[in-house]
Amino acid sequence: MKRFLILIFCSISFPLFSQEIESVTLADFQKILQAPNDKVLVINFWATWCAPCIKELPLLEKLHRENPNAQVLLVSMDYDLDPDIEKVVRFQNRKKLQAKILFLTENDPNAWIDKIDKRWSGALPATLVINTKTKKRELVQGELAEGQLEELIKKVNN
Amino acid sequence: MKALFLSLIMAVLWAGAPIKEGYEVGDTAADFKLKNVDGKMVSLGDFKNAKGFIVIFDCNTCPYSKAYNERIIALNKKYASVGYPVVAINANDASKSSGDSFEEMVRVAKAKGYDFPYLVDESQTVAKAFGATNTPHVFVLTKDLKVAYIGAIDDSARKAEAVTKKYVETAVDELLAGKKVTTSKTKAIGCGIKWRSV
């Protein structure tokens, strides 16, 4: 019985459920980028149709699981081609993604890509690592390499 | 003598400056020679009657390329006859994206009825020289290969009917009217070009 209770307790404290996907406007998202945060923000721009994005998701999931000092945000850019959030929800369930997913709902990317980062071309995948306190930022355009996220976190924390 | 000395210094400084990859609006593009889906080599210099070019870095596989396929065909229909042909270039590394092999390009060009060159940039040197990052990524050039516009085709990838700003059409219309291009640079979400691993 005791064993059973421990089992139940464990399954509650370490839920394997994915976090609910949040729809955000650019203004909502910019607030997240600017709000002081004790953790380093690791923001990955991806989409369900983007093969190199899907390939690198395990690196971000691993960081989410293993580094308590990093806050991983997977920002889905699917809206631009398909405004239905359900496609992203299904993808999240299928891949059992644990990191927080945001669904950015903005039209006309030319109006806002520069507001996220002037260096970013808009091509996916792209990853932004931000220390909100020192405002240090690193942008990676293209696929992440193994260990690169840890390097970038070190860089913005220096 | 002083002028000569100064220009020598400038030349040395210039040579020492890091080589910047990618064109900005106002730069002059270098012509290229790439293999077309019909097997023939194509250069911009071959288009004797062109007033300019709509160079589009594109591919077979990207959902954005697919979303813009008909619009690219329509651009060539509208502008080739008035002197601004579409020249499409696929720079994706076929070892990373097998759907972008030359054979697949030939198949897509045939299936879609491309009536414009669809060139393979196997070494990716042209895409790098231009500074192309996405597919589709447009560079509108004038006859003397001056870069007049860089960016997206329009402001609505999802639906052609929802477009409010036809960036490329407006730029070419302005050039044809002898005017300055008002919106000369835009950005869009899209697939990154699949670069070869080094």
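The model is predicted, so local features require pLDDT of at least 70 and side-chain atom pairs count only at pLDDT 80 or more, whereas totals for chains, interfaces and linings use all residues. Residues are numbered from 1 along each chain as its sequence is written, chains are lettered from A and ligands numbered from 1 in the order in which they are written, and side-chain values use heavy atoms, with hydrogens and water left out.

**Confidence in chain B.** The average is 93, and 90% of the residues score at least 70. Next select residues 12–18 of chain B, where pLDDT stays under 50 and the model has 0 contacts beyond four places in sequence. Contact means heavy atoms within 4.5 Å.

**The interface.** Display both chains; 23 residues from chain A and 19 residues from chain B take part in the contact. The buried area is about 1600 Å², with 54% given by carbon and sulfur atoms; this is the accessible area (1.4 Å probe) that two parts lose on being put together, summed over both. On the chain A side, select Trp49(A), Leu81(A) and Asn110(A), which lose the most area to chain B and together account for 34% of what that side buries.

**Helix pair in chain A.** Helices (H or I, at least four residues) and strands (E, at least two) are DSSP runs, numbered from the N terminus. Select H3 (residues 51–66) and H6 (residues 148–157) of chain A, which pack at an angle of about 55 degrees with their axes 10 Å apart. Axes are lines fitted to C-alpha atoms, for helices over the stretch in contact, and angles run from 0 to 180 degrees between N-to-C directions. Show Leu59(A), Leu60(A) and Leu63(A) of H3(A), which meet Leu149(A), Glu150(A) and Ile153(A) of H6(A).

**Helix pair in chain B.** Move to H2 (residues 63–79) and H5 (residues 167–176) of chain B, packed at about 15 degrees with axes 12 Å apart. Here Leu75(B), Lys78(B) and Tyr79(B) of H2(B) meet residues of H5(B), including Val168(B) and Leu176(B).

**Backbone sites.** Select Leu124(A) and Pro125(A), joined by a cis peptide bond with omega about -5 degrees. Pro125(A) lies in the loop between strands E5 (123–124) and E6 (126–131) of chain A. In chain B, a cis peptide bond joins Thr135(B) and Pro136(B), with omega about -15 degrees. Finally, select Lys135(A), which has a positive phi of about 65 degrees although it is not a glycine.

Definitions and conventions. pLDDT = per-residue confidence, 0-100.
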